[in-house]
Amino acid sequence: MHSADCPLCKQLQQARTGGHTMHVADLRRVSVFLSENQGFSGWCVLVLKEHVEHLSDLSLDEQMAIFREVAMVAGAIRSRFAPVRINYECLGNVVPHVHWHVIPRYGMDPDACAPVWGFPAEVLRGKAPAESVKHSIVQLRSALSK
Ligand SMILES: [Zn+2]
């Protein structure tokens, strides 16, 4: 996929111009977004700032630097949302641009042993009102700025 056709490159561009409502913060290598799926409150998607299809196309040093930012976001989620567990996923099956899902899992989880992807869309999406989504973004921004 060329970057001109890539939905994550488009999302990065929207974040740069202030036109993406789910944008949380820019770290050195990734832009952090709150996922549209807030059935698991605090779920974040970290998008590599450049269009790279395969994590393994990057040097090991770069991959480690990215993971440092993944770990920072996980720490921010844990400090503000207190999940039982965090799932870390770098898939690329749907959009081939390196990105990480950092997914908090809670006690009321429909199936704590399963990955979230098998759950119905309405469970993933959740019912969080817009104010609660905004509040989550503010909480994460604050945790990441420390
Ligand atoms: Zn891209």
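User: Which backbone oxygen does the side chain of R105 reach?

Analyst: The model is predicted, so local features need pLDDT of at least 70 and side-chain atom pairs count only at pLDDT 80 or more, while totals for chains, interfaces and linings use all residues. Residues are numbered from 1 along each chain as its sequence is written, and side-chain values use heavy atoms, with hydrogens and water left out. A polar contact is a pair of N or O atoms within 3.5 Å; within protein, one must be able to donate a hydrogen and the other to accept it, and residues adjacent in sequence count only if both atoms are side-chain atoms. Here the side chain of R105 reaches the backbone oxygen of D111 at 3.0 Å. The R105 side chain also makes a polar contact with the side chain of D109, at 2.5 Å.

User: Is R105 buried or exposed, and in which strand is R105 found?

Analyst: Buried means under 20% relative accessible area, exposed over 50%, and partly exposed in between (1.4 Å probe, protein chains only). With a relative accessible area of 5%, R105 is buried. Strands (E, at least two residues) and helices (H or I, at least four) are DSSP runs numbered from the N terminus; R105 is found in strand β5, residues 99-105. Contact means heavy atoms within 4.5 Å. Not counting residues up to four places away in sequence, R105 touches several residues, including F40, P83, D111 and F119.

User: Which strands pair with β3?

Analyst: Two strands pair if DSSP finds at least two bridges between them. β2 and β3 pair in the antiparallel sense over 5 bridges, and F33 stands opposite V45 in β3. β3 and β5 also run antiparallel, joined by 4 bridges; the bridge partner of L46 in β5 is W100. Both faces of β3 are covered, with C44, L46 and L48 buried on one side and V45 and V47 buried on the other.

User: Which rings form one aromatic cluster, and how many aromatic pairs does the structure hold?

Analyst: Rings of Phe, Tyr and Trp (its six-membered ring) pair if their centres lie within 6.5 Å; planes under 30 degrees apart count as stacked, over 60 as edge-to-face and the rest as tilted. One aromatic cluster is formed by F40, W43, W117 and F119. The structure holds 5 aromatic pairs. One of them is F40 with F119, whose ring centres are 6.0 Å apart and whose planes meet at 15 degrees, so the pair is stacked. F40 lies in the loop between β2 and β3 and F119 in the loop between β5 and α3, so the pair ties together parts 79 residues apart in sequence. F40 is buried at 1% relative accessibility, and F119 is buried at 12%.

User: Which residues are the protein donors of the zinc ion, and why is the arrangement tetrahedral?

Analyst: Donors are N, O and S atoms within 2.8 Å of the metal (3.2 Å for Na, K and Ca); water is not among the atoms, so sites may look incomplete. The protein donors here are C6 (SG), C9 (SG), H51 (ND1) and H97 (ND1), lying 2.0 to 2.3 Å from the zinc ion. Four donors count as tetrahedral if all angles lie between 85 and 135 degrees. The 4 donor atoms subtend angles of 104 to 116 degrees, which makes the arrangement tetrahedral. C6 is buried at 2% relative accessible area, whereas H51 is partly exposed at 25%.

Notes
Four donors count as tetrahedral if all angles lie between 85 and 135 degrees; four count as square planar and six as octahedral if opposite donors are over 155 degrees apart and all others between 65 and 115; anything else is irregular.
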